[in-house]
Amino acid sequence: MGDDNWARQSKFITPETVTAICTELATLVSHQTIPFSVVLHGGEPLLLGLRCLHELLGQLRMVLPIAYPISLQTNGILLSEQLLDCCAAHQVSVAVSLDGPAAVHDRFRLTHAGGGTFAQVMAGIACLKAHQAADFLDAGLLAVIDPTSNPEEVYQFFKSVGAPSVDFLYRDGNHSKLPEGKASLQSLEYGRWMVGLLTAYSADPDPLPIRVLDDMLKVLLGGNVSKEGLGVTDFGILIIDTDGTLMKNDTLKSTYNGADQFAQPVNIRNTNLLNFLESAQFGDYRAMQQPTSAKCQTCPQLHVCGGGMLLHRWHETTGFANESVYCADQLHLIGAMRRLLRTHQLA
């Protein structure tokens, strides 16, 4: 959606950057009592290859106790028994991106030659499920919603895969460039799809855990969320690029070119991470998660949806001071959830 930072980025992380990351994370561990998570994502982290991945994970685990989760997000194509052995040795879980059955997944997840990747991903998932440490390694699936698909069929497909859980993401988009499949701010393509998913989920006596539904229902029942973009929980998310540059949440790349960059560039190789996390620059970025639009501030559902993901609030003239482009969809889903809870006399 216009971001060109990839063209200037190093394709692979260097040993010097890895050393700097581990040094700074070790300091953070000694100062922060609540464990934080480290996620390798992409690009595609498995392109590192077995040797480099083993070295990277080994160095990370040397400074991060087991209570500090390390996970890896992959498209699944390169998964092998050897790579999974490496992850198991360093206590690193693996999540795979899969959007649904072949017809759904292969609409957007294609090879450079234009072919579908479904069969390759499913082979990777089979390898993951067959591993002797699968109970720990398998962190579930991540799916991007295609509102033209059938949510009941997608749900049943994921059940058949035997995933421990699935999380669903709305597509990137904003007020200046609507997401794929959304006709207008008021249209409900995604909201209706999510209600269809909720219907399949709630009718299942042994439901597949779905993080976005579980978290929203949890809030409606008085609990707290664990997912960014929901509720009013404040998350501290920092991206470290392959060259060591510290960046804002990479989802912001879809708003405008450079939106994920800090005003004053900082590199992990020559900065004190703890001081940076306590800086005004990081504080201002973290505060951006809380919605500032008048509509959100007065909405009785704010504690559930949290104003949505920051990237979905962007408009080229008003910046981020808007409700989510998925506001109508989320209100539609929350209404269905409230009706469901009333039916079960839980709310």
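Predicted model: local features only at pLDDT ≥ 70, side-chain atom pairs only at ≥ 80, totals over all residues.
Rings of Phe, Tyr and Trp (its six-membered ring) pair if their centres lie within 6.5 Å; planes under 30 degrees apart count as stacked, over 60 as edge-to-face and the rest as tilted. With that rule I searched the whole structure and got 14 aromatic pairs.

Residues are numbered from 1 along each chain as its sequence is written, and side-chain values use heavy atoms, with hydrogens and water left out.

**Ring pairs**

I looked up tyrosine 170 and tyrosine 190, which pair edge-to-face at 5.7 Å centre to centre, with 85° between the planes. Tyrosine 170 sits in the loop between strand E5 (166–169) and helix H8 (189–203), and tyrosine 190 is in H8, so the pair ties together parts 20 residues apart in sequence. For the record, helices (H or I, at least four residues) and strands (E, at least two) are DSSP runs, numbered from the N terminus.

Phenylalanine 282 and tyrosine 285 are both buried.

I also found a cluster linked by ring pairs: Phe118, Phe157, Phe158, Phe168 and Trp193.

**Core**

Which residues touch the most other members of the largest nonpolar core? I got Leu60, Phe158, Phe168 and Leu213, out of 85 residues. H8 gives the most to this core, with eight residues. Such a core is a set of buried Ala, Val, Leu, Ile, Met, Phe, Trp, Tyr and Cys residues joined through side-chain atoms within 4.5 Å.

I then listed the contacts (heavy atoms within 4.5 Å) of phenylalanine 168. Leaving aside neighbours within four places in sequence, phenylalanine 168 touches Ala143, Ile145, Val154, Phe158, Trp193, Leu197, Ile210, Val212 and Lys227.

**Whole chain**

I counted 14 helices and seven strands in the protein chain. Of its 347 residues, 49% count as buried. The C-alpha trace spans about 55 × 45 × 45 Å along its principal axes.

How values were computed: Buried < 20%, exposed > 50% of the residue type's maximum accessible area, 1.4 Å probe, protein only.
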